[in-house]
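Here's a quick briefing on charge pairs and nonpolar packing. Have a look at the chain first, then read on.

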Amino acid sequence: MIKLSKTSKLDGILSWSLQALETCPASVDASGELVDACKGCYATTGNYNFPNVKAPRLHNREDFKRDSWVSDMVKGLDSSRYFRWFDSGDMFSLELADKILDVMIATPWVKHWLPTRMHKFAKFAPVLAKMQALPNVVVRFSSDSVQG
């Protein structure tokens, strides 16, 4: 069963999320330290620490592996016009990235927004390029810096 959340700062737009940092391999630099932009990650404080907020993010980490996940996501977005991937976490695996792409393709009526740092890994380049080529998708390559 898919578990979506509503992003209050985006007028209740639906989001699919994971636990921050543990699903963000690009949040660390070559020395293993958190990059500047992740040191004060909002998704590790406040409401994100409540069990009822953590539970769906933990669930989603395994749930996407189901065979019916893509079709369930498409059904879940049936009446949505806008969708945000990851108000916390990131697409930590190619399997997840490919499935997200399938959802994006199957929901042309939805405008998808995907902020990510996974552009730092060459193996994600092909799937990110396919996402960027879709007219209903905006992929935002997040910066490691808070300076620009």
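Asp63 counts as buried because its relative accessible area is 6%, and buried means under 20%. This is a predicted model, and it holds four salt bridges.

**The Asp63 network**
- Asp63 pairs with Arg66 through a salt bridge, at 2.5 Å from N to O.
- Arg66 is partly exposed, with a relative accessible area of 24%.
- Salt bridges with shared partners tie Asp63, Arg66 and Asp72 into one network.

**Other charge pairs**
- Glu62 and Lys65 also join their side chains in a salt bridge, 3.1 Å from N to O.
- Glu62 is partly exposed at 49% relative accessible area, and Lys65 is partly exposed at 39%.
- Arg57 makes a salt bridge to Asp87, with the closest N and O atoms 3.1 Å apart.
- That pair links distant parts of the chain: Arg57 sits in helix H2 (residues 51-63) and Asp87 in the loop between S3 and H4, 30 residues apart.
- Arg57 and Asp87 are both buried.

**The nonpolar core**
- The largest nonpolar core has 30 residues, and Trp16, Trp69, Trp85, Met91, Ile100, Leu114 and Met131 touch the most other members.
- Elements giving two or more residues to this core include strand S2 (13-16), helix H3 (69-76) and helix H5 (125-133).
- Helix H4 gives the most to this core, six residues.
- Leaving aside neighbours within four places in sequence, Trp85 is in contact with several residues, among them Trp16, Trp69, Ile100 and Leu114.
- Trp85 also contacts Ser15, His112 and Pro115.

Note on methods:
Residues numbered from 1 in each chain as written. Predicted model: local features only at pLDDT ≥ 70, side-chain atom pairs only at ≥ 80, totals over all residues. Heavy atoms only, no water. Core = buried A, V, L, I, M, F, W, Y, C linked by side-chain atoms within 4.5 Å. Buried < 20%, exposed > 50% of the residue type's maximum accessible area, 1.4 Å probe, protein only. Helix = DSSP H or I, 4+ residues; strand = E, 2+ residues; numbered from the N terminus. Contact = heavy atoms within 4.5 Å.
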